[in-house]
Amino acid sequence: MSLIRGLVSTLYHIPKIYKWFYRPYYLLSLLMTLAFPLVRNCPGLCENLPSQREDADSCAFDWREVEILMFLSAIVMMKNRRAITLEQHVGNIFLFSKAANVVLFFRVDLRLGLLYLTLCVVFLITCKPPIHMGPEYITYFSDSTIDDELQRDGRVTWIVEFYANWSPECQSFAPIFADLSLKYSCLGLKFGKVDIGQYGAVAERYKINPSPLCKQLPSLLLLQGGREFVRRPLVDKKGRAIGWNFTEESIIQEFNLNEIFQKCKKLKKGEKPEEIKTLLQEVPEEEEPVGPHEEEEEEEEEPESKKDK
């Protein structure tokens, strides 16, 4: 059944995959992914390669190469279980295939291994994955505009993505966030993005660690009037992100987008901020710690209320 689903999904996305090969990044990645099979089966070249096959056929995979390719398939299947978008699936195949090719080329010939590794480094430096350029209703912030814009109108609810261009997870999430902005943007609900790879001070202010080891990218924050209500992914005591799937369904559910959208789209420009202060109370959020001064104020208010009674 899973095989049928995979086949149907592949056939459904064939037009999209076909368009990818007009982009140099995907075309060159495909060639580098197939580099070793092409060399191993290339007439005039494969005859000069060493082989451990019993029949001494150097133009066919030996048992060790088959074992490495099977191990590669297992790793790709495990990684793709957590993949969300088609871009992530294809990206995992490209990444681990290149790693396997490095091992295979070094095993066959040291010179071929060094040549392929050099090509991989040059490709990594010169050829970047294409950035999502589809339609979207997203405001892009800088370090000097984000705070002013978020606090300008207390009626507006913002969903802000903190991202970095070098992060594959952020690149895969870009089309999902763009689709959400097209579906849910309205007068009282807006979407924004800020590149913390470029504006590191913003990451410090909003307590987001851009290190790849912490896995906090991308981070989504739901804010109103500059106050944070929801953050995903959550961060543990060690500063590491708690695993969370950035799918459209999970974002709609965790951020209660349907309820917020229904209320925000009814807002008018003449309404006062106080009229929608309860807008985000239905959104699931962590309990904020109460400071010592707030506790003293609460204790002082209780006896006054008793006297009033």
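This is a predicted model: local features need pLDDT of at least 70, side-chain atom pairs count only at pLDDT 80 or more; totals for chains, interfaces and linings use all residues.

Biologist: What share of the contacts between residues at least 6 apart in sequence joins residues at least 24 apart?

Modeller: That share is 65%.

Biologist: Which residues touch the most other members of the largest nonpolar core?

Modeller: Out of 22 residues there, those are Ile-159, Leu-180, Tyr-184, Leu-189, Phe-191, Leu-220 and Leu-257. H9 gives the largest share, five residues. There's also a second, separate core of 21 residues, with Phe-36, Val-90, Phe-94 and Phe-123 among them.

Biologist: What is Leu-220 in contact with, leaving aside its neighbours within four places in sequence?

Modeller: Its partners include Ile-159, Phe-173, Phe-177, Val-230, Ile-251 and Phe-255. Charged side chains turn up in that list as well, including Glu-161 and Arg-231.

Biologist: How do H9 and H12 meet, and which residues make the contact?

Modeller: Their axes come within 11 Å and cross at roughly 35°. H9 brings Leu-180, Lys-183 and Tyr-184, while H12 brings Leu-257, Asn-258 and Phe-261. By class that's four nonpolar residues, one polar and one charged. Lys counts as charged and Asn as polar, so Lys-183 is the charged one and Asn-258 the polar one.

Biologist: Why is the ring pair of Phe-173 and Phe-177 called tilted?

Modeller: Two values decide it: a pair of aromatic rings is described by the distance of the centres and the angle of the planes. Here the centres are 5.8 Å apart, and a pair needs them within 6.5 Å, so the rings do pair. The planes are at 40°, whereas stacked takes under 30 degrees and edge-to-face over 60, so the pair is tilted.

Biologist: Why are Phe-173 and Phe-177 separated by about one helical turn?

Modeller: Because they sit four residues apart in helix H9. The structure holds 12 aromatic pairs.

Biologist: And what makes Lys-193 count as lying over the face of Tyr-163?

Modeller: Lys-193 is 4.6 Å from the ring centre, and the cut-off is within 6 Å, so the distance passes. The call also requires a position within 35 degrees of the ring normal.

Key:
Residues are numbered from 1 along each chain as its sequence is written. Side-chain values use heavy atoms; hydrogens and water are left out. A nonpolar core is a set of buried Ala, Val, Leu, Ile, Met, Phe, Trp, Tyr and Cys residues joined through side-chain atoms within 4.5 Å. Buried means under 20% relative accessible area, exposed over 50%, partly exposed in between (1.4 Å probe, protein chains only). Helices (H or I, at least four residues) and strands (E, at least two) are DSSP runs, numbered from the N terminus. Contact means heavy atoms within 4.5 Å. Axes are lines fitted to C-alpha atoms, for helices over the stretch in contact, and angles run from 0 to 180 degrees between N-to-C directions. Rings of Phe, Tyr and Trp (its six-membered ring) pair if their centres lie within 6.5 Å; planes under 30 degrees apart count as stacked, over 60 as edge-to-face and the rest as tilted.
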